[in-house]
Amino acid sequence: MSNSSTTDEPGPLLGAADIRELAAALGVRPTKQRGQNFVIDANTVRRIVRTAEVRPDDVVVEVGPGLGSLTLALLEAADRVTAVEIDDVLAAALPSTVEARLPGRADRFALVHSDAMLVRDLPGPAPTALVANLPYNVAVPVLLHMLATFPTIDRTLVMVQSEVADRLAARPGNKVYGVPSVKANWYADVKRAGAIGRNVFWPAPNVDSGLVSLVRREKPVATTASRDDVFAVVDAAFAQRRKTLRAALAGWAGSAAAAEAALVASGVSPQARGEALTVEEFARIAEHRPGSEGNRAGSEGNKPGSEGSAA
């Protein structure tokens, strides 16, 4: 996707020249440590907002806004935008950028200066959508944390490394199906929503990017097991993904024989592997953990927090 025309486009959105000028004024250089790659193409952020189906009544939360490329496009389309930024310099500068570029919408913008993984509350109305260019090094744990902590988020569109996008959207039986796939599917219907080229970023990453759409399930996974219990089975199954579930879940169940008993009771073959199971099947296994006595009430399965490993 070319960015050649965006630097000359009028309007509030940031082009390549604007991004570099802002960065120079702030003394900012994108860091690999925080997975920073700034979008420098206005057409790309417009496409993200369009693909996310942001509505005029949406309250959008954005994680990792950086210099504000996507933030401004979201503010044009949504009712309100709350951005969560960990970087001290970027967090301090973003409100001024919003005021300068979209003064008529500045009162609709809020900035939370924090590590997204520590955020438990957001100012203003409850968020209805999450739209973000997630820092690649923490994309999956941040995504799962936000979905767990803010159950009002109905629609999500995130830009992540292409390989991560494939893993999130993978279905059972796919070779990249794993922990992120199952945990994301606990919350939402997940699908790939497009590809993003390298040339729309500064600095250009050495990997391609992908868009992932997540629409929260209308009904939670039907289970008496808590989310933590289900995620514990998922983590155990994929920790040794080459092994059969009978062997992989031996530690979780207390022994291979106990694992086999739980699997049989769940209607899952002890010779199967984790990559073949749906989230519903993992939930059934969790219900039959030895000594669980039917596990805890199903309502616990949707409580915020403790989203577990994302590896």
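Modeller: W186 and F231 are both buried, where buried means under 20% relative accessible area, exposed over 50% and partly exposed in between, with a 1.4 Å probe and protein chains only. The model is predicted, so local features need pLDDT of at least 70 and side-chain atom pairs count only at pLDDT 80 or more, while totals for chains, interfaces and linings use all residues. Residues are numbered from 1 along each chain as its sequence is written, and side-chain values use heavy atoms, leaving out hydrogens and water.

The structure holds five aromatic pairs; rings of Phe, Tyr and Trp (its six-membered ring) pair if their centres lie within 6.5 Å, and planes under 30 degrees apart count as stacked, over 60 as edge-to-face and the rest as tilted. One of the pairs joins Y177 and F238, edge-to-face, at 6.2 Å centre to centre with 70° between the planes. Y177 lies in the loop between α6 (162-169) and α7 (179-187) and F238 in helix α8 (residues 227-239), so this pair ties together parts 61 residues apart in sequence. Helices here are DSSP runs (H or I, at least four residues), strands likewise (E, at least two), numbered from the N terminus. Y177 and F238 are buried.

The ring centres of W186 and F231 are 5.9 Å apart and their planes stand at 75°, so that pair is edge-to-face. It links distant parts of the chain, with W186 in helix α7 and F231 in helix α8, 45 residues apart.

Finally, ring pairs link Y177, F238 and F282 into a cluster.
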